[in-house]
Amino acid sequence: MRATPSLLPLALDRVGFRVGGDWLVRDMSFSVAGTGRTLLLGPNGAGKSVTLRLCHGLLSPTEGTVRWAAGQPCPPGPGRHAMVFQKPVLLRRSARENLLHALSLAGLHAQAAGERADMALERFQLAPLAHRPARVLSGGEQQRLAIARAWAVQPQLLFLDEPTSHLDPASTRAIELALDLFRAEGTAVLMTTHDLAQARRLADRVLFLHRGRLLEDRPAAAFFTDPHTREAAAYLRGELLD
Ligand SMILES: Nc1ncnc2c1ncn2[C@@H]1O[C@H](COP(=O)(O)OP(=O)(O)OP(=O)(O)O)[C@@H](O)[C@H]1O
């Protein structure tokens with residue numbers, strides 16, 4: 001199912017997003033390629049979720065461009081990139097049917113979809129819950145299902161918006177381990193979190209945002225040991241930013 005040619009890099013060029021008179025994101029330029037994990041960090045209201053939504057095509061830039069490798073402003077077809085939200089968005093169907101629905105949208109025929117759905121249920125330890133209504137699953141199980149659904153369609157790029165903020169440590173760990181499955185399949189990850197310990201565990205690269213602007217774009221190890229901006233240093237010390 002992996003689409004060719006590659007969708008990546010995803011490139012944002014001087015992207016701005018305005019609501020009324022307020023610029024929520026301004027002058028944002030970066031690109032994502034390869035298979036690494038890029039963490040979007042920054043204080044509340046910095047513009048992280050808006051940036052993810054601009055990347056995923058849920059919002060359109062007021063200025064600047066969001067382009068994929070093919071040079072198209074709009075991503076071509078479902079399944080090529082996927083997004084997992086803080087609160088999982090699931091259909092009123094069984095766990096397995098949620099997977100089948102996504103696979104059908106991604107263009108798989110019934111037999112292939114069934115095989116892939118069962119593989120996803122197995123990989124994400126959801127097989128015993130396959131026929132349970134998705135909406136009665138626990139929060140951690142629902143998030144695992146949302147991630148299994150994203151994995152099933154083999155995206156080239158996965159967006160995650162604070163995927164573990166409502167989860168206990170064990171469920172958080174399960175989600176972090178699940179991200180290894182994406183790496184093994186060659187999926188790049190762009191993710192937000194407020195959990196700095198998690199960011200240190202997961203990040204290859206950090207994009208640090210403050211007040212809608214990208215202040216740092218650095219390899220993770222360098223960012224955490226030697227932040228270049230006053231704002232990032234204060235954020236890492238746990239101080240409130242003005
Ligand atoms: N549709 C909207 N209309 C008006 N303002 C919005 C809209 N969406 C977001 N905002 C505002 O834009 C700013 C950035 O929001 P965003 O959700 O991207 O921040 P964030 O960095 O993800 O914050 P948090 O860590 O708190 O989730 C916030 O001040 C928010 O109130």
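**Reading a helix pair**

Reply: The crossing of α3 and α4 is right-handed, and please keep in mind throughout that this is a predicted model.

Me: What is the angle at which helix α3 and helix α4 pack, and how many Å apart are their axes?

Reply: Helix α3 spans residues 110–123 and helix α4 residues 139–152, and the two pack at an angle of about 135° with their axes 9 Å apart. Angles over 145 degrees would count as roughly antiparallel and those from 65 to 115 as roughly perpendicular, and α3 and α4 are therefore oblique to each other.

Me: Which residues of α3 and α4 meet?

Reply: As a general idea, an α-helix has 3.6 residues a turn, so residues three or four places apart point the same way. Here, α3 contributes Arg116, Ala117, Ala120 and Leu121, which meet Ala148, Trp151 and Ala152 of α4. Sorted by class, this contact of α3 with α4 holds six nonpolar residues, one charged residue and no polar ones.

Me: Which residues of helix α2 are buried, and what covers them?

Reply: In helix α2, residues 95–105, the buried residues are Ala95, Arg96, Asn98, Leu99, Leu100, Ala102 and Leu103, and their cover includes both α3 and α4. Just after α2 comes Gly107, whose phi is positive, at about 100°.

Me: What is the mean pLDDT of the protein chain?

Reply: Where pLDDT is low, the predicted coordinates should not be read in detail. For this protein chain the mean pLDDT is 92, with 94% of its residues reaching 70 or more, while the model scores ipTM 0.97 and pTM 0.93.

How values were computed:
Residues numbered from 1 in each chain as written. Predicted model: local features only at pLDDT ≥ 70, side-chain atom pairs only at ≥ 80, totals over all residues. Axes fitted to C-alpha atoms, helices over the stretch in contact; angles between N-to-C directions. Helix = DSSP H or I, 4+ residues; strand = E, 2+ residues; numbered from the N terminus. Parallel < 35°, antiparallel > 145°, perpendicular 65-115°, else oblique. Left-handed = near helix turned anticlockwise from the far one by under 90°. Contact = placed C-beta atoms within 7 Å. Nonpolar A, V, L, I, M, F, W, Y, C, P; charged D, E, K, R; others polar. Buried ≥ 20, exposed ≤ 12 C-beta atoms within 10 Å, placed from the backbone. pLDDT = per-residue confidence, 0-100.
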